[in-house]
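Biologist: I'd like a close look at one part of this model, the nonpolar core, and then at what goes on around it. Can you walk me through that in one go?

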Amino acid sequence: MTKEKLFETIYQEHASKVMRLVLGYVKGDKEQANDLVQDVFVKVWNNIHTFKGDSNIGTWVYRIAVNTCLMFIRSKKKLTIYTNAPTEIDQHSDEIEMQFRAMYECIDQLGEKDRSIILLELQDLPQNEIASIMGMTHEAIRTRVHRIKNILSKCANNEQLRRF
Amino acid sequence: MSNYEDFKKLYRTQPLDAPDMSWESMVKKSRFLKKKLRITQLVLGLTIFILTFFFFYISAQDMLEVAIPLAIMIGVLALRIVLEVVSMVWLQKLGYSETVDLFRKRAGRYHSFRTAVNLVVTPVFYGTYIWQFIVLLPYFKVGLSPGFYLYVLISGLISLVVLGCYIGNDIRKELRLLKSLKR
């Protein structure tokens, strides 16, 4: 398989998932997320030769995505919250938008590591895969996920999310 | 844990949008960025060559009192350029596909290096450069026409102020980055 063909396959399969992950780092700002996804895939292209096949290609792409996002948020000032809520009915979409804002606000309160772990968990990644991305043990991830879930549950118990 | 489940349900309702760019444009962008980096490195390398050439072109070596300050000015500028190229190469080799834990450690070391360059090396180089520029001014006054001397003086001062602001801004950015890495 040529480098271009491999990249195309990776892009088709993972771009949307990476987009959703990245949105969690930029408080739902789609414009910034687009820039970041571009940045992620530029790095995927540049590092494609280093992929040895010893891990799942998805795990490898997620590592690049998380590391790129961490470098990005460190270099940025505080972000304003934007959301991409569906917009069928105005009143309904307003309510959903408020829920999205509250959700991103909760995620944003977490530290760098915790935020990465929970965003990967929200993507439905198995804990052993999250451990492999983070470079931590499965046990450490399990404990952290439990703790973060509690933090988010408390945070989710605010006015906007309670109505969901 | 029903609240977290609600949270997850809400997260999953986000539309799974594809990015605005196609995979072909990503490849094109990657190639363009690589080319841009090579051109920057080439320009920086060429600057060192031109400075050295200028030194010998004006036969600075024949006049020791001018040669030493000029050599120091060119030397600090060249060293700073070398450090910039080292930073660029280092940044390229950080290993974005490594585990997050390992990457954070490497990024921490890289930013410590950048902070040392910005907080210690650059101010020392900047001070040395200004000092040698001041040392050279009397020779410029004697050797150059009054108009050209005034031009060298004013453009030199403006360049130093602009460079000073740029360095100050860069230092602030690096410090903010390093602070977040320690969190």
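Modeller: A nonpolar core here is a set of buried Ala, Val, Leu, Ile, Met, Phe, Trp, Tyr and Cys residues joined through C-beta atoms within 7 Å. Keep in mind that this is a predicted model. The largest such core has 58 residues, and the members that touch the most others are Val18(A), Val22(A), Val37(A) and Ala65(A). Take Ala65(A): leaving out residues up to four places away in sequence, Ala65(A) touches Val18(A), Leu21(A), Val22(A) and Val40(A). There's also a second, separate core of 5 residues, with Leu70(B), Met73(B), Phe125(B) and Tyr129(B) among them.

Now for how the chains meet. On the chain A side, 47 residues are in contact with 35 residues of chain B. Helices H1 (3-23), H2 (30-47), H3 (57-75), H4 (90-108), H5 (112-122), H6 (127-134) and H7 (138-156) of chain A each give two or more residues to that side. Sorted by class, the side of chain A that touches chain B has 23 nonpolar, 16 polar and 8 charged residues.

The axes of H6(A) and H7(A) come within 9 Å and cross at roughly 105°, so the two helices are roughly perpendicular to each other. H6(A) brings Gln127(A), Asn128(A), Ile130(A), Ala131(A) and Met134(A) to the contact, while H7(A) brings His138(A), Ile141(A), Arg142(A) and Val145(A). By class, that contact has 5 nonpolar, 3 polar and 1 charged residues.

Methods: Residues numbered from 1 in each chain as written. Chains lettered and ligands numbered in written order. Predicted model: local features only at pLDDT ≥ 70, side-chain atom pairs only at ≥ 80, totals over all residues. Contact = placed C-beta atoms within 7 Å. Helix = DSSP H or I, 4+ residues; strand = E, 2+ residues; numbered from the N terminus. Nonpolar A, V, L, I, M, F, W, Y, C, P; charged D, E, K, R; others polar. Axes fitted to C-alpha atoms, helices over the stretch in contact; angles between N-to-C directions. Parallel < 35°, antiparallel > 145°, perpendicular 65-115°, else oblique. Buried ≥ 20, exposed ≤ 12 C-beta atoms within 10 Å, placed from the backbone.
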